[in-house]
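Please open the model in your viewer and keep the selection tool at hand.

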Amino acid sequence: MDQFEVDSCEPGFFVFDVPVSLYRDVFADEAPSRPDRVMHPVLAIRFTSGQVVVPDETLGWVRNLINTYVPTADIRRKLNAVGRLHEFTQLTVGEGRDLEGMIDCVVWAYLRARAENPKDPSLRRFTHWKPVRWGWVQTEFRDLLAFANFCRDFTGKASVMGAAFRSSSDIWTTVKRSSAPDDFLKHLEADRERWHMVLGEDLVVAPPSALRRIAAHANVPKNGNTTTLSCEEIDAIIDRERNFMLKALWILLAYVGPRISEALNMWFCDFLSPYDARKLFRTDLVGPVAIFADPRKSEYVGHFDSRRAIQSRTDYLAERGLKPRPDAEGDFEAGWKGMTTFNAEWLVSHGTWTCRKRAAEFAGLLDRIRALHADIGAAKSSHPYLFVNAVNRNYLGEPLQISNVEKAFGRACVRAGVEPYSPGASLHGMRHYYKWYARNVLGLPEDIVQLMLRHKSIESQREYGKTPTDIFDAMNTVSKRTAELA
C-alpha cells in the first residue's frame, strides 16, 4: 500500500525510506574513511487492532541486504511482498497462523491469490493489489523464501510472522531457490492437503495444479501489449545483472532499442558526447549518443579529420585481417538487417534514449567498459568492437557472440523471476519494450517512434523520413519529452 488509511481498521502495510550512514566492507579493522550514505527501506505493519509495528526481523534482513549491495528498489519490492503476506495472513487465518505448519499453507494460498487477482478492481479482495503475471508470482516466491530463511536464523525478537517462520515452517523453506515450475506446483499440491486438514475448507485455495493456468489466463496484459515485458520485469532483469558488460547491453537494448545484431556490430568509437554527435546530426541528443553505422560501407571509423585517410569500415577491418561481422563466418557472425540513415554522407544513424536515468547509468558502465579495453591493451584488442567478454579469462576481450548473449539473457530472466522465452522475454523482445515505452510512457506518436526504431522499409521511409529536417525536428521533440520525465 502507498499509505495507511487513517480511519480504517483493516490490516495494512507501508514501505518508506530512511536515509542512513553506514560502513560497509570492513575487513581486518580497516574501515573506509567515510560511511556510505544510503536509503534504508522500512516496513511498517498495521494489525486489525490498529497497532502499527516495524518488525525487528525485517530491519535485520534489510540491513543484511544493504551490506551486500542489493539495490534499494529490489529491497522495496521484497518488503512489499512481506507486507502483502502479513495483510493476507491476518484476513484469511488470523490467529490460526500460529498453528503448526499453517504459515506454509498461507504462503501457497497467498501466491495463488496473487496469480488470480482480477483485472477489475471492483472484483478484487485487496483493491490495492495490482494484477501480476506468472513470472512476478515466482519472483515473490523467491523473495518470501529468502525472508523465511533469514527468519529461521534470526535470534532477535521477532513478530508473529517472523516467529511462525522460525518455529513452525519446515517444508517450503527447503525448496530449491531455482525450482522449476513443475516442482513449484508439486509443493502447492502437497500443501493444499495440509490446508484442508487444518481449516476443513477450500475457500481460499483453488487446486494448486491450476495456479500457472490461472496466472496465464488472468487477462493481465503486460503493459497492454502481449509482446513485451512489464517495466518491473525489465528493471529486475537489468538491476539483478552482476556482469557490468551485460548490464550495459541490457540497458541499451531496452532504452535505445537496437536489434541485438546492431549492438554487437558497434565499435568502441560508436558512443559520442552530445557535443561530438552534433558533427553528425543537427540536433541536441541525450548522451552518451549511440551511433549505428553501416558495418560495411560507413566511413565513420572514429574521427572527422579530412586530413586523415578516409576509409570504409570494411577497409579498416581488412587491414586487421577481419571481415565485417555480417560477412564473417562461425560464431563471430552478427547479421545486419539495414536501417534508415540519419546522415547519408557518413551512412550512420543515432539511437535515442527513452529514459535519462538509465542513460546516466549506462554512461557509468561505459566508463568501466572503456577502462577494460584500456587494461586489455592493443596486444589483445585486435578488433574495434565495444561489447566483449569481460569475465572468462580464456576469451577476455573477444567480441560477444549472439549465442552466448542469448544464454546470458535467459539466465538474467531466471534471476528476475521471468520465464525465459515467454512472450517478450527475449533479446528482440527488448526492442518491442522500447517501442511500447516510447508510445505509452513518453506518449510519442507512431511516426516519431518509427524514426526512433530506424526502420528500413520503403513505406517507413516514405511516411516518416521525408527530409532530414523531419528527422531532426522529431528527435528534438523526443529530447524535450524525456527531459520532462527525467
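**Stop 1: The first sheet**

In this predicted model, begin with the open sheet whose three strands follow the order β1-β2-β3 with antiparallel pairing. Strands β1 (12–22) and β3 (52–53) are the edge strands; each has a single partner strand, so one side of each lacks a neighbour in the sheet.

Select β1 together with β2, residues 36–46. Eleven bridges join these two strands in the antiparallel sense. Two positions may be highlighted along this pairing. Asp17 faces Pro41 in β2, and Pro19 has Met39 of β2 as its bridge partner.

Strands β2 and β3 run antiparallel and are joined by two bridges. Here Ile45 stands opposite Val53 of β3. The two strands form a hairpin, with five residues between them. Within that turn, select Gly50, which has a positive phi of about 95 degrees.

**Stop 2: The helices on the sheet**

Is β2 mostly covered or mostly uncovered? Strand β2 is mostly covered, since eight of its eleven residues are buried.

Now display helix α1, residues 56–67, which lies across β1 and β2. Its direction is at about 155 degrees to that of β2. Helix α2 (residues 72–92) also packs on the sheet and touches β1 and β2; the direction of α2 makes about 10 degrees with that of β2.

**Stop 3: A buried glutamate**

Select Glu57, which is placed in helix α1. Is Glu57 buried or exposed? Glu57 has 0% relative accessibility and therefore counts as buried.

Consider Cys151 in particular: Glu57 and Cys151 are 94 residues apart in sequence, yet their C-alpha atoms are 6.6 Å apart in space.

**Stop 4**

Move to the open sheet of three strands in the order β4-β5-β6, where the pairing is antiparallel. Strands β4 (271–272) and β6 (348–350) stand at its edges; each has a single partner strand, so one side of each is left without a neighbour in the sheet. Select β4 and β5 (residues 289–293), which pair in the antiparallel sense over two bridges. The bridge partner of Leu272 is Val289 in β5.

**Stop 5: Helix α14**

Select helix α14, residues 402–415. At 1.5 Å a residue, the 14 residues of α14 should span 20 Å, and the C-alpha atoms at the ends are 20 Å apart, which agrees.

Which residues of α14 are buried? They are Ile402, Val405, Ala408, Phe409, Gly410, Ala412 and Cys413. An α-helix has 3.6 residues a turn, so residues three or four places apart point the same way. To see what surrounds the buried residues of α14, display α8 (231–239), α9 (244–255), α10 (260–264) and α15 (427–440), against which they pack. After the helix comes Gly417, with a positive phi near 75 degrees.

**Stop 6: The second largest pocket**

Finally, locate the second largest pocket, which holds about 430 Å³ of space. Its lining has 17 residues. Those nearest its centre are Asp74, Lys78, Arg240, Arg242 and Arg415. Helices α2, α4 (134–153) and α14 each supply at least two residues of this lining.

How values were computed
Residues numbered from 1 in each chain as written. Predicted model: local features only at pLDDT ≥ 70, side-chain atom pairs only at ≥ 80, totals over all residues. Heavy atoms only, no water. Pairing = 2+ DSSP bridges. Helix = DSSP H or I, 4+ residues; strand = E, 2+ residues; numbered from the N terminus. Contact = heavy atoms within 4.5 Å. Axes fitted to C-alpha atoms, helices over the stretch in contact; angles between N-to-C directions. Buried < 20%, exposed > 50% of the residue type's maximum accessible area, 1.4 Å probe, protein only. Expected span 1.5 Å × (residues − 1). 1 Å grid on protein atoms, 1.4 Å probe; cavity = no way out; pocket = protein on both sides within 12 Å on 5 of 7 lines; lining within 4 Å. Points joined across faces, edges and corners; volume = space filled by probe spheres on them.
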